[in-house]
Amino acid sequence: MASKASAVWTGSLKEGKGTISTATGVLKDANYSFATRFEGAASGTTPEELIAAAHASCFSMALGAQLGGAGLTPTKIETNAAVTLAKVEGGFAVTKIALTTTASVPGASKEAFDKAAADAKAGCPISKLFANNTEISLDARLV
């Protein structure tokens with residue numbers, strides 16, 4: 001299965017603007033700009049915000065799968081992702097992704113949960129995408 005999205009950009013880097021849409025329509029003409037990406041403007045999204053959403057959702061699903069494989073059923077998994085874009089030699093790069101997750105898993109020991117979380121971090125396709133060039137940290141807590 002191929003997931004699809006599109007982006008349209010008009011104008012120069014600093015004065016221009018763009019829109020992002022997904023084939024499913026979940027995002028339709030979502031605005032993005034230099035100001036949202038580099039100056040912290042509140043209106044619009046950024047590619048890094050979309051990566052954060054993708055990684056948080058991917059990790060949560062992967063953790064659910066790992067727990068299920070261990071015979072455990074989570075009541076709730078909540079993951080936040082913070083993606084850092086930084087200036088590096090040669091331009092900008094995603095240099096760090098910090099995952100923070102809490103999970104309610106009846107009957108889970110700390111050891112079983114920690115193993116499932118580590119395996120989910122290693123096995124999540126979005127983690128794999130960034131594994132060789134981005135620091136990925138994980139703070140996972142059983143609640």
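**Buried residues, strands and rings in a predicted model**

Colleague: Why is Thr 79 called buried?

Modeller: Thr 79 has a relative accessible area of 11%, and buried means under 20%, with exposed over 50% and partly exposed in between (1.4 Å probe, protein chains only), so Thr 79 falls in the buried class. This is a predicted model, in which local features need pLDDT of at least 70 and side-chain atom pairs count only at pLDDT 80 or more, whereas totals for chains, interfaces and linings use all residues. Residues are numbered from 1 along each chain as its sequence is written, and side-chain values use heavy atoms, with hydrogens and water left out.

Colleague: What makes the approach of the Thr 79 and Ser 60 side chains a polar contact?

Modeller: A polar contact is a pair of N or O atoms within 3.5 Å; within protein, one must be able to donate a hydrogen and the other to accept it, and residues adjacent in sequence count only if both atoms are side-chain atoms. The side chains of Thr 79 and Ser 60 are joined at 2.8 Å, and so the pair lies inside that limit. Thr 79, which is in strand E4, also makes a side-chain polar contact of 2.8 Å with Thr 101. In the wider sense of contact, heavy atoms within 4.5 Å, Thr 79 touches Ala 56, Phe 59, Ser 60, Leu 99, Thr 100 and Thr 101, leaving aside its neighbours within four places in sequence.

Colleague: How do you know that E4 and E5 are paired strands?

Modeller: Helices (H or I, at least four residues) and strands (E, at least two) are DSSP runs numbered from the N terminus, and two strands pair if DSSP finds at least two bridges between them. E4 and E5 run antiparallel and are joined by 13 bridges, so they meet that requirement. Glu 78, for instance, has Thr 102 in E5 as its bridge partner. The two strands form a hairpin with two residues between them, and in the turn Gly 90 has a positive phi of about 90°. On the parallel side, E5 pairs with E6 over eight bridges, with Leu 142 in E6 as the bridge partner of Ala 103.

Colleague: Which residues touch the most other members of the largest nonpolar core, and what makes it a core?

Modeller: A nonpolar core is a set of buried Ala, Val, Leu, Ile, Met, Phe, Trp, Tyr and Cys residues joined through side-chain atoms within 4.5 Å. Of the 21 residues in the largest one, Phe 59, Leu 63, Leu 67, Ile 97, Val 105 and Phe 113 touch the most other members. H2, E5 and H3 are the elements that give two or more residues to this core, and H2 gives the largest share, six residues. Phe 113 is in contact with Leu 63, Leu 67 and Val 105, among others beyond four places in sequence.

Colleague: Why is the pair of Phe 38 and Phe 92 called tilted?

Modeller: Rings of Phe, Tyr and Trp (its six-membered ring) pair if their centres lie within 6.5 Å, and planes under 30 degrees apart count as stacked, over 60 as edge-to-face and the rest as tilted. The centres of Phe 38 and Phe 92 are 5.1 Å apart with the planes at 55°, so the pair is tilted. This pair links helix H1 to strand E5, 54 residues apart. Phe 34, Phe 38 and Phe 92 form one aromatic cluster.

Colleague: Are Phe 34 and Phe 38 buried or partly exposed?

Modeller: Phe 34, at 12% relative accessibility, counts as buried, whereas Phe 38, at 33%, counts as partly exposed. Being four residues apart in helix H1, they are separated by about one helical turn.
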